[in-house]
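Notebook open, viewer loaded. I'm jotting things down as I look them up.

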Amino acid sequence: MTTHPLSHTTTEGPLGFPVTDRQAFALDSLLKALPKEDAFRYRKALQTKGPAEILSGERSDVSWISTEDPDRVREVVLARGMNDSQFKLNPIVTLQHAYWLPPVGKSLWRKVVRDGPLQGVKAKTQYPPRPADWAGTSWPADVALALIQADLLRGKSIGFLPTRVHQPKAKEIEERGWQNVDLVIDEWVLLEYACTFLPTQQNAVVEAVGKSQISLPDEFVQALGLDASIFKAPPASRAAQQSAPGSQEPLLARFTPLEEIEKALCRQINELDLAALADKAAQTALDRARGRV
């Protein structure tokens, strides 16, 4: 079980991330009441539209944290089904779901919003100023806000628990204009959300961070899943070589989030024909017993 610093949380909840005692008891009761099917498992969903508005004077942004677009696992999360009663008990915002770090912000509100054809949930996130007695070398909210203002930390990722779902009918898919949708999540409990990088833009992110001279502490580089060496100045000889005409040695960030690896593994497992494998294993055992192998 993961250990979280006492200064960051009251307890570790049943899903492995920090919550208050009140949240933990309520969440435990909810988990026991839900069906044990995979459709009701806890999951995360990444929103990649970036901040809708950055309010620099307030050290805050207003962002989409969920929209009714089909996601990578062919699911649609309906905005009107959001229940944020759990989240509002302790509305902290993390960086990359890195619970071993202090939170970077606080969610002031969450609203169901329609903007033309787009419907989803928007949230206002505040990044508090550094306290005078903060002893650390870097204030987490300053790091997150600087990356957001530099247009590098563009994503928001929600962690939620479905409580009512259905498989869409052909007529619904046609009326909504959906493509490749296997599951519609009608009602869901918002448990957390985090500021995240966009995994598909890791190369552009690395280049932009280097050019904008943003200094990230080692623990933040670890949380973002980046190679710490890209934030260090190269030796003089290497720098000269890279600046020479015709030099082609790009620096790439090897950033594959654990969540994406888990999804890839699940897809591979779902594609297995377990019945065929079992039949083949049984036939092989039978042949061996008959002396045919």
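Started at Q96: buried at 16% relative accessibility, where buried means under 20% relative accessible area, exposed over 50% and partly exposed in between (1.4 Å probe, protein chains only). Before going on, I noted that this is a predicted model, in which local features need pLDDT of at least 70, side-chain atom pairs count only at pLDDT 80 or more, and totals for chains, interfaces and linings use all residues. Residues are numbered from 1 along each chain as its sequence is written, and side-chain values use heavy atoms, with hydrogens and water left out.

Q96 sits in the loop between β8 and β9. I checked its backbone: Q96 has a positive phi of about 60° and is not a glycine. Most residues other than glycine have a negative phi, so I looked at the neighbour too. H97 is in the loop between β8 and β9 as well, also with a positive phi, near 60°. Is H97 buried or exposed? It is buried, with a relative accessible area of 12%.

**Strand partners**

For elements I used DSSP runs numbered from the N terminus: helices are H or I with at least four residues, strands are E with at least two. Strands pair if DSSP finds at least two bridges between them. Which way does β8 (residues 92-95) run against β9 (residues 105-115)? They are antiparallel, joined by two bridges, and V93 has G105 as its bridge partner in β9. With β12 (residues 183-196), β8 pairs in the parallel sense over three bridges. There, L95 has C195 as its bridge partner.

Contact here means heavy atoms within 4.5 Å.

**D61**

Next I went to D61, in strand β5 (residues 60-67). D61 is buried, with a relative accessible area of 0%. What does its side chain meet? I found polar contacts with the side chains of S63 (2.9 Å) and Y127 (2.6 Å). A polar contact is a pair of N or O atoms within 3.5 Å; within protein, one must be able to donate a hydrogen and the other to accept it, and residues adjacent in sequence count only if both atoms are side-chain atoms. Not counting residues up to four places away in sequence, D61 touches P51, E53 and K124, among others.

**Helix α8 and totals**

I checked the length of α8 (residues 274-289): its 16 residues should span 22 Å at 1.5 Å a residue, and the end C-alpha atoms are 22 Å apart, which agrees. The expected span is 1.5 Å times one less than the number of residues. G291 follows α8, with a positive phi near 80°.

Last, the whole protein: eight helices and twelve strands, with buried residues making up 40% of its 293 residues. Of the contacts with a separation of 6 or more, 67% are between residues 24 or more positions apart.
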